[in-house]
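The sequence and the structure come first.

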Amino acid sequence: MEAIFKAQRLFFLSQQTKPFEFRYQQLENLRNAIMKHQDDILKALQKDLHKSTFEAYATEIGYTLKSIRFVQKRLKSWMKTKKVKTPSFQLLTSSYIQPEPKGQVLLIGPFNYPFQLVIEPLIGAMAAGNTVMIKPSEFTPSVANVIEKIISETFDENYIKVFQGGVEVNQALLELPFNHIFFTGSTKVGQIIYELASKKLIPVTLELGGKSPTIIDETANLKVTARRIIYGKFLNAGQTCIAPDYVYVHKLIQKPFEKILLETLAEFYPDYESMTHIVSDQHVERLKKLIDKKKVIHGGNITDKHIEPIILSNVTWKDAVMQDEIFGPILPILTFETLDEVIDVLQNKDQPLALYMFSNNKKNIKRVFNELSFGNGAINDTIMQVVNPHLPFGGIGMSGFGQYHGKASFDVFSHMKTYINHSVKLDPPIAYPPYTKKKEQFIKKVLK
Ligand code: NAD
């Protein structure tokens, strides 16, 4: 590990990762390798998570292919040194911002979108001209093997290298003096990463999770609301960082909403063949403990790592399911009577990664979006905010910090180096010592 770290340092210092042509070509190589290994990726996702071909292609393979094209098209302009304005009293001076690669980057991935959540930050790190070490999740070993195969076949290890393993491998990697650490995973592990990185003042991006609320007021279009919530919640069996964690519905429409929800579930999942499985027995056991049988209005059958979508009604904040991020196919329904009540409750909770609001009332929507703080969200939709590369993606507070996707991915792995260029043709002594009364008067005129 240390030897490769040193070799990557030398490679970085050789300046080879910096030219536009290199970055563009390496992204092209990555794209071709993903295309070539599509079937291997699909098979691995099926093996580790029982992910359907549709979900695997849409959320992991197609997603990253599209992302590479987006970046390639704009990279040249992002890389340019930009001239900015200079205050008029700085005579004969021009000012610049020059993006430079941070240097050596470490990427640590989670299990839920094990391919996409490693490749998407990798695209940004490569675009910005860095060398990269990658640690995929050990809970999806088939996907980790494919990632390692793709990377080792496509790139020199002095440029990009995969290290597989569990906590001990992460701990060894975290001893190395990287220039940036990009972590996607739980808040608990995020805290550990932040603490370790702080010893060497390594900048970190923490893409974490949490309980993302979904508010449905009495003006919402219930049919569309039910469809979009079911889609967002049961995609990847609820193992999505921005999944609607729970639903907060106006008491007046609770019953009709629940009825439509159950009808839509039956329509979307005539059988559960296309549903992703829970990643491990340990997580199945964790989820079982969150199910209060008295509150179940749908589902409950559990076969090995498959959990049939579970809807819980009349849930309160005291229930086990409301204590932590659920990260599984369980949807609790809470009710409210006034928006004030919802806003008051949520203002006193951790800022979530995502927030969704289903409503046709502009005033209500405006209130929620102005008065509540969250990483990203949607009005009358779930999940789809993440698809738009023009929207930076990330959390706030306990759901993490730092953003990526599209240009934000380039920015997060770049350092914006700034400088001025001052002509030597004129050099008035006005700002130099010895300081006289006249000079003081002048400076007071200029700086006020
Ligand atoms: P996790 O935190 O358990 O693991 C993530 C990575 O951290 C793994 O590679 C693992 O090997 C490593 N790790 C685990 N313990 C460690 C330790 N003590 N020291 C150092 N490294 C350690 O997360 P997970 O279970 O794989 O993923 C689920 C979590 O990730 C959920 O909370 C979810 O919300 C979050 N998530 C967030 C995003 C996002 O973009 N914000 C995306 C996906 C998942």
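The shell around the ligand is made up of 13 nonpolar, eight polar and four charged residues; here Ala, Val, Leu, Ile, Met, Phe, Trp, Tyr, Cys and Pro count as nonpolar, Asp, Glu, Lys and Arg as charged, and the others, Gly among them, as polar. The model is predicted: local features need pLDDT of at least 70 and side-chain atom pairs count only at pLDDT 80 or more, while totals for chains, interfaces and linings use all residues. Residues are numbered from 1 along each chain as its sequence is written, and side-chain values use heavy atoms, with hydrogens and water left out.

**Ligand site**

- Glu138, Asn170, Ser186, Leu208 and Glu325 come nearest to the ligand among the 25 residues around it, where a residue is near if one of its heavy atoms lies within 4 Å.
- Domain 1 (2–208 + 398–417) and domain 2 (213–392) each supply at least three residues to the shell; the domain bounds come from an automatic or database domain assignment.
- Ligand oxygen atoms make polar contacts (pairs of N or O atoms within 3.5 Å): an oxygen is 2.8 Å from a polar backbone atom of Gly109, and an oxygen is 3.1 Å from a polar backbone atom of Phe111.
- An oxygen atom of the ligand is also 2.6 Å from an N or O atom in the Glu138 side chain.
- On its own the ligand has 850 Å² of accessible area, of which the protein covers 91% (Shrake-Rupley method, 1.4 Å probe).
- Helix H7 (167–173), strand S6 (180–184) and helix H8 (187–199) are the elements that give two or more residues to the shell; helices (H or I, at least four residues) and strands (E, at least two) are DSSP runs, numbered from the N terminus.

**Cavity**

- One cavity of 30 Å³ or more is found in the whole structure; a cavity is a set of points, on a 1 Å grid over the protein atoms alone, where a 1.4 Å probe fits but cannot get out.
- The largest cavity has a volume of about 40 Å³, a volume being the space filled by probe spheres set on the points, which are joined across faces, edges and corners.
- Its lining (residues with an atom within 4 Å of a point) includes Gly210, Lys233, Asp245, Glu325 and Phe327.
- That lining divides into four nonpolar, five polar and three charged residues.

**Second largest pocket**

- The second largest pocket has a volume of about 880 Å³; a pocket is an open set with protein on both sides within 12 Å along at least five of seven lines.
- Of its 38 lining residues, Ala58, Thr59, Tyr63, Tyr231 and Val387 are the closest to the centre.
- Helix H4 (53–79) and helix H5 (116–127) are the elements that give two or more residues to this lining, and H4 gives the most, with 12 residues.
- The second largest pocket lies between domain 1 and domain 2, because both give residues to its lining.
- By class, the lining holds 21 nonpolar, 10 polar and seven charged residues.

**Backbone geometry**

- Most residues other than glycine have a negative phi, and most peptide bonds are trans.
- Pro433 and Pro434 are joined by a cis peptide bond with omega about -5°; Pro434 is in the loop between strand S18 (414–422) and helix H15 (437–446).
- Leu201 is not a glycine but has a positive phi of about 50°, and Leu201 lies in the loop between H8 and strand S7 (204–207).

Terms used:
A polar contact is a pair of N or O atoms within 3.5 Å; within protein, one must be able to donate a hydrogen and the other to accept it, and residues adjacent in sequence count only if both atoms are side-chain atoms.
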